[in-house]
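Here is a model to explore by question and answer. Take a look before reading on.

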Amino acid sequence: MKIFAFLIFLALQAHPLMANSKKEKLILIHGFMNHRSMNSMNGIFRKNGHDVENYKYKSRDKTIKAHAKDLVARLNALSDINTPINFVAFSLGGLVLKAALNHPDCPDSAKHGKITLISSPTNGSKIARVLGKAGWIRKIFGAGSGKDLYSTPEGGFSHLGDFPKTAKVLVISGTFGFNPLFEGRNDGKVAVSESCLKTPHHHEYVNAGHSWICKDIKTINLIDKFFKETLNNCTF
């Protein structure tokens with residue numbers, strides 16, 4: 001009887017549905033000079049049962065494309081052909097992810113999951129361009145991704161490619177900002193218009209500033225709902 005039960009167990013493990021039942025990986029990618037920005041979210045999603053990796057990288061040290069190459073290497077190490085990889089990327093992290101998903105070595109499993117972008121300046125960063133005019137700010141920003149931010153013109157970063165059509169994308173923009181550099185709604189550092197995508201996505205807004213939007217309970221609830229449900233893609 002025990003042998004019979006063991007054989008049934010082995011058969012179930014070999015079944016395609018069982019092979020695809022592995023928990024999907026969730027990768028959190030922080031922003032520029034802010035490696036602690038995803039810590040609260042990391043703890044909450046772990047408690048909610050997600051298989052989370054809080055991906056860390058030294059944001060000032062390399063260009064966006066160089067960081068993307070490093071991320072691709074990590075994704076290949078995690079890749080499971082039957083299991084999509086999901087992402088939550090904050091600010092600069094969204095640009096790193098965008099470049100990674102368009103890298104020729106990026107695993108296919110990373111292109112079929114769900115992606116949340118939080119206040120990511122996919123259309124360029126006006127505040128970085130303005131601040132980058134000062135020499136001492138340039139020194140703080142460094143010669144890597146910081147330089148990419150202040151030297152890329154308005155509407156830039158299209159050279160990094162588009163987010164794959166095979167992925168479902170949620171964009172979350174902060175609206176609690178009073179920066180005179182921006183005409184429309186903003187979170188103090190990134191304007192809503194800078195975080196819009198031209199490719200299909202679902203757009204939500206959180207009344208939070210850039211520095212704490214990742215800790216805002218509405219942000220976390222929106223992402224949790226997004227992973228549990230399938231939102232209809234729409235263009236903003």
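This is a predicted model: local features need pLDDT of at least 70, side-chain atom pairs count only at pLDDT 80 or more; totals for chains, interfaces and linings use all residues.

Residues are numbered from 1 along each chain as its sequence is written, and side-chain values use heavy atoms, with hydrogens and water left out.

Q: How many of the seven residues of strand S5 are buried?
A: Strands are DSSP runs (E, at least two residues), numbered from the N terminus, and helices are runs of H or I with at least four. Buried means under 20% relative accessible area, exposed over 50%, partly exposed in between (1.4 Å probe, protein chains only). S5 (residues 168-174) is largely enclosed by the rest of the structure, because the buried residues number six.

Q: Which residue in S6 is the bridge partner of Gly174?
A: Strands pair if DSSP finds at least two bridges between them. S5 and S6 (residues 202-206) pair in the parallel sense over five bridges. In S6, the partner of Gly174 is Val206.

Q: Which residue in S5 stands opposite Ile115?
A: Strand S4 (residues 114-118) also pairs with S5. The sense is parallel, over five bridges. Opposite Ile115 stands Val169.

Q: Is Ile140 buried or partly exposed?
A: Ile140 sits in helix H7 (residues 135-141). Its relative accessible area is 38%, so Ile140 is partly exposed.
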